[in-house]
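Have the viewer open as you read.

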Amino acid sequence: MDSNVQTVFQRPSALKEVPTHYCAGCHHGTVHRLVAEAIDLLDVQQQTVGIGSVGCSVLLYDYFDIDVVEAPHGRAPAVATGVKRVHPDNVVFTYQGDGDLAAIGTAEIIHAANRGEPITVIFLNNTTYGMTGGQMAPTTLPGQVTTTSPYGRDVAKEGHPIRVAELLAMLDGTGFSARVAVDTPKRAIEAGRTILKAFEMQVKKQGFAFVEVLGACPTNWGMSPIDANARVGNEMMDFFPLGVYKDITTKG
Amino acid sequence: MKKRLFVKGNEAIAMGAIEAGCRYYFGYPITPQNDIPEYMSREMPLVGGTFVQAESEVAAINMVLGAGAAGGRVMTSSSGPGISLKAEGMSFMAGSEVPAVIVNIQRPGPGLGGIDVSQADYFQAVKGAGHGGYHLIVLAPHSVQELYDLTMLAFDLSDRYRIPAMILGDAMLGQMKEALVPNSYRAPEDLPAKDWAVTGKRGRIRSNAVKSLYLGDGELEAHNWHLHAKYERLKEREIRFEATGLEDAELILTAFGGAARIVKTAIAMARREGLKVGLIRPITLYPFPAEIYRKATAETPKVLCVELNNGQMVEDVRLSAHPGADIRFYGRPGGTGSLPNPEEIFEQICKHYKD
Ligand SMILES: Cc1ncc(C[n+]2csc(CCOP(=O)(O)OP(=O)(O)O)c2C)c(N)n1
Ligand code: SF4
């Protein structure tokens, strides 16, 4: 090979070389890559265990070249607790959607965070239930039309969207809680850094780390991938501001 | 001489589990099994184990799923309403072939019901409480000694077949004290290695996935036949029961767990009166000892099934018995004051013996 040729971009080794089933413009693929890059950068592929959730990312084990347990809908933080207690030196993370984590799994995520369970949680918020066809989620924005809020979410009847990153930041057991987005290259790079930090905290045994990622679901939003991507920045961020809500590592 | 202890049933389960190498326990309080989590919270740290009081039974069983998937020897315990909540997790564990021991110290239902003796969870235990059609190994001890011994066995069976195993006790067994000889545990040499467990890839070429989702054409059917073959192997190899007095019996009594204790006393009373009464006590409720019923009822067609419910195991007895057998039932479906005494069962024996 020409010694002047430099590799500047390649598949992370924590990802298998297979096409994914995600729709065009879906951000699950992007977030998978960022998680895999973090695993590679920390050189922990051999000791990482992922916990898959029920949602569009249910086939996690087909894409990540790591050990995976498939959890029942919403229960990934409890499954992760079990794995981590058996292998405290492994890196254990859950990968969950907003229906999974913020609806059926509300109890499990709050209590795992509150116990200070030393795991990493990656939470993809796309304001809808993707896999089941676009129903209203706890994160659906006011006025947003979904298949079960056909007149637009009415907060008087259907309640308010839940801001999970802020909620978990309030708990004493949480070590890190942040919200990022992947709608622009710049923000995706920033998101990658945040995800890396959340994994690094686990390696350093610094407690429960949570990253909420704002992502697009073009299929269920009924938008082109480009418009859906734009919605993340235009609408979602107004209600779900990006930022670090808690970081115990920055305290003096 | 081996030392004898005076131990409460629930504690015998916890002792047996720790002796068998269980080092992970996840649970949630519910009467009448609270002695188990209390014992575990006290003893687990002393043996380098883990005790977590989960936020719910749902979380507890999923912690069990995680720990079992990670290769740990793990247990949870509960009673009726909590076992209902664990049903989803048990279905996932059966589907993903994760070993673990689940204890149900039954209380009467349905709903909140009561907190005393009952056997109303037989269906729930042996037919598969969760979705999708599956079985657990179900063991039904009837003494404190058996609570201890069968808990140890449950871990081995569960590991050998990669299937969750349930100890089906009841409030009477859990709350009573009896003599216990704490036999030491010896691990069978031929237990398969847990090379399927998630431990981190660590030099393995292929990563492990513990899962119950099968989407490809024909994959799920193949998986379900694979699970089915396991149930068939259990029926061939792992059936356990106690049978006494069948040689000359004119009436066979059958009962499991706590009910069998009362029945045994009543049978002794009947024998003293010259009545020829035998007993079949299933120890494995799944796999069910069908064959012994078929054989025994060919000779003695009259069977009285006694349960602390309004008729659950009797259905399996009917399915197992010789065609033409005369299967009768006596049940007390739960709550304070519903526990029959031996005299009451003796009366039933006299009644069914005659007509
Ligand atoms: C107990 C249970 N309830 C409901 C479902 C159906 N279900 C599958 S995925 C899903 C929602 C997933 O949405 P989300 O977590 O937002 O993930 P996404 O698909 O959007 O990535 C639901 C409700 C299920 N599988 N199990
Ligand atoms: S339905 Fe939505 S979340 Fe699911 S793969 Fe398609 S775009 Fe992604």
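## Around ligand 2

Which residues surround ligand 2? Keep in mind that this is a predicted model. Going along chain A, the shell takes in Tyr22(A), Cys23(A), Cys26(A) and His28(A), then Cys56(A) and Asn126(A), and finally Cys217(A), Pro218(A), Thr219(A) and Asn220(A).

Helix α9 of chain A, residues 218-221, gives the most here, with three residues. Sorted by class, the shell has six nonpolar and four polar residues, and no charged ones.

## Ligand 1, between the chains

Now over to ligand 1, which lies between chains A and B. Its surroundings come to 17 residues, and the closest are His28(A), Cys56(A), Asp98(A), Asp100(A) and Gly130(A). By class, the shell of ligand 1 has nine polar, five nonpolar and three charged residues.

Which element supplies the largest share of this shell? That would be α4(A), with four residues. Both α4 (98-104) and β5 (128-129) of chain A put in at least two residues each.

Backbone atoms do some of the close work. A polar backbone atom of Gly130(A) sits 2.7 Å from an oxygen atom of ligand 1. For Cys56(A), a polar backbone atom is 2.8 Å from a ligand 1 oxygen, and for Asp100(A) a backbone N or O atom is also 2.8 Å from an oxygen of ligand 1. On its own ligand 1 would expose 590 Å², and the protein buries 75% of that.

## Chain A overall

Chain A is built from 10 helices and nine strands. Its C-alpha trace spans about 55 × 45 × 35 Å along the principal axes. A compact globule of 252 residues would have a radius of gyration near 18 Å, and chain A has 17 Å, so the two agree.

Of those 252 residues, 56% count as buried. The accessible surface is about 10200 Å², with 56% of it belonging to carbon and sulfur atoms. Take the contacts between residues at least 6 apart in sequence: 69% of them join residues at least 24 apart.

Thr120(A) sits in strand β4, residues 120-125. Is Thr120(A) buried or exposed? Its relative accessibility is 0%, so Thr120(A) counts as buried. Beyond its sequence neighbours within four places, Thr120(A) is in contact with Val92(A), Phe93(A) and Thr94(A), as well as Ala198(A), Phe199(A), Gln202(A) and Ala209(A).

Thr127(A) is in the loop between β4 and β5 of chain A. It has a positive phi of about 55 degrees, although it is not a glycine. Thr127(A) is buried too, with a relative accessible area of 0%.

## Chain B overall

Chain B has 12 helices and 15 strands. Its C-alpha atoms fill a box of roughly 70 × 50 × 45 Å along the principal axes. For 355 residues the globule rule expects a radius of gyration near 20 Å, and chain B, at 21 Å, agrees with that.

Buried residues account for 60% of the 355. The accessible surface comes to about 13900 Å², and 52% of that belongs to carbon and sulfur atoms. Among contacts between residues at least 6 apart in sequence, 80% join residues at least 24 apart.

## Spots to check in chain B

Gly72(B) is in the loop between α3 (57-69) and β4 (74-78), and at 6% relative accessibility it counts as buried. Which residues does Gly72(B) touch, leaving out those up to four places away in sequence? They are Val86(A) from chain A, plus Tyr24(B), Ala67(B) and Lys194(B). Gly72(B) and Lys194(B) are 122 residues apart in sequence but 9.4 Å apart in space, C-alpha to C-alpha.

Two cis peptide bonds are worth a look. The bond from Thr31(B) to Pro32(B) is cis, with omega near 10 degrees, and Pro32(B) is in the loop between β2 (24-27) and α2 (35-43). The bond from Tyr286(B) to Pro287(B) is cis as well, with omega near 0 degrees; Pro287(B) lies in the loop between β13 (284-286) and α10 (290-299).

Finally, Glu97(B) has a positive phi near 55 degrees without being a glycine. Glu97(B) lies in the loop between α4 (80-96) and β5 (101-106) of chain B, and counts as buried at 11% relative accessibility.

How values were computed. Residues numbered from 1 in each chain as written. Chains lettered and ligands numbered in written order. Predicted model: local features only at pLDDT ≥ 70, side-chain atom pairs only at ≥ 80, totals over all residues. Heavy atoms only, no water. Near = heavy atom within 4 Å. Nonpolar A, V, L, I, M, F, W, Y, C, P; charged D, E, K, R; others polar. Rg over C-alpha atoms; globule rule 2.2 N^0.38 Å. Buried < 20%, exposed > 50% of the residue type's maximum accessible area, 1.4 Å probe, protein only. Contact = heavy atoms within 4.5 Å. Areas by Shrake-Rupley, 256 points an atom, 1.4 Å probe, with all protein chains shown as cover. Polar contact = N/O pair within 3.5 Å; in protein donor to acceptor, adjacent residues only side chain to side chain.
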